Amino acid sequence: AVKNYIYQHYGEDLSLEMLAEKVYLSSGYLSFIFKKETGMNLNRFIRVFRMEKAKELLENTTMKNYEIAEKVGFSDPHYFGISFKKMTGCTPTEYARENRR
């Protein structure tokens with residue numbers, strides 16, 4: 001249920017506490033169960049999923065980086081760029097240049 005919520009609301013502000021409330025669990029227990037089931041903690045799962053969505057947008061649209069950042073749930077475009085580079089090894093602009101269809 002939590003993964004489905006993330007898939008549908010990844011562009012919104014998501015937190016462990018808010019997601020735990022949605023499924024009527026304590027944040028500690030949700031964190032434990034989520035890591036056990038997925039192999040990664042909740043925040044990392046959200047970040048990885050958001051980056052996958054960002055890659056899709058960079059490949060298939062001509063949206064600006066700040067627009068993509070906002071669409072995938074990053075309020076700070078600069079932080080989005082830093083996070084994207086840390087995960088992929090290149091900036092969003094470089095990624096788009098090399099992968100745009």
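**Close-up views: salt bridges and a buried serine**

Glu 52 and Lys 55 sit 3 residues apart in helix H4 (residues 42–60), so about one helical turn separates them. Helices here are DSSP runs (H or I, at least four residues), numbered from the N terminus. This is a predicted model, in which local features need pLDDT of at least 70 and side-chain atom pairs count only at pLDDT 80 or more, while totals for chains, interfaces and linings use all residues. Residues are numbered from 1 along each chain as its sequence is written, and side-chain values use heavy atoms, with hydrogens and water left out.

**View 1. Glu 52 pairs with Lys 55 in a salt bridge.** The term means a side-chain nitrogen of Lys or Arg within 4 Å of a carboxyl oxygen of Asp or Glu. Here the closest N and O atoms are 3.3 Å apart. Glu 52 has a relative accessible area of 38% and is partly exposed. Buried means under 20%, exposed over 50%, and partly exposed in between (1.4 Å probe, protein chains only).

**View 2. Glu 56 forms a salt bridge with Lys 53.** Their closest N and O atoms lie 3.5 Å apart. Both residues belong to helix H4, 3 residues apart, about one turn of the helix. Glu 56 is partly exposed at 40% relative accessible area. Lys 53 is partly exposed too, at 22%. In total, the structure holds 2 salt bridges.

**View 3. Ser 83 is found in helix H6 (residues 77–88).** Ser 83 is buried, with 7% relative accessible area. Leaving aside residues up to four places away in sequence, Ser 83 touches Met 51 and Phe 74. Contact means heavy atoms within 4.5 Å.

Technical notes
Helix = DSSP H or I, 4+ residues; strand = E, 2+ residues; numbered from the N terminus.
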